[in-house]
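Good morning, and thank you for making time for this presentation.

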Amino acid sequence: MQADKAEMEVHELSGELVKVTDVLHEWQNILADVKGKLLSIPSKLATIVIDVDDPAQAQELIDSY
């Protein structure tokens, strides 16, 4: 068991092995960023199509953005 522990420590120090908690923390940060960007889409699109009366034209503007 000591040899296994030592081997795991070597792999961790070399960057070949990471802790699950570290990976979870990084993914939480990534997903929080993605969520924030997705939630900002409606307000950004609203400023683009605010003066457009035709839904087809609004869709065209959104698609080109």
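Let me begin with a definition: a residue is buried under 20% relative accessible area, exposed over 50% and partly exposed in between, with a 1.4 Å probe and protein chains only. This is a predicted model, in which local features need pLDDT of at least 70 and side-chain atom pairs count only at pLDDT 80 or more, while totals for chains, interfaces and linings use all residues. Residues are numbered from 1 along each chain as its sequence is written, and side-chain values use heavy atoms, without hydrogens and water.

Leu31 has 52% relative accessibility and therefore counts as exposed. Leu31 lies in helix H2, residues 20-49; helices here are DSSP runs of H or I with at least four residues, numbered from the N terminus.

Next, the packing of the helices. H2 packs with helix H3, residues 55-64, at an angle of about 125°, and their axes are 10 Å apart. Axes are lines fitted to C-alpha atoms over the stretch in contact, and angles run from 0 to 180 degrees between N-to-C directions. H2 and H3 are therefore oblique to each other, as angles under 35 degrees count as roughly parallel, over 145 as roughly antiparallel, 65 to 115 as roughly perpendicular and the rest as oblique.

Finally, the charged side chains. Glu12 and Lys19 form a salt bridge, with their closest N and O atoms 4.0 Å apart; the term requires a side-chain nitrogen of Lys or Arg within 4 Å of a carboxyl oxygen of Asp or Glu. Glu12 is partly exposed at 37%, and Lys19 is partly exposed at 44%.

Key
Helices (H or I, at least four residues) and strands (E, at least two) are DSSP runs, numbered from the N terminus.
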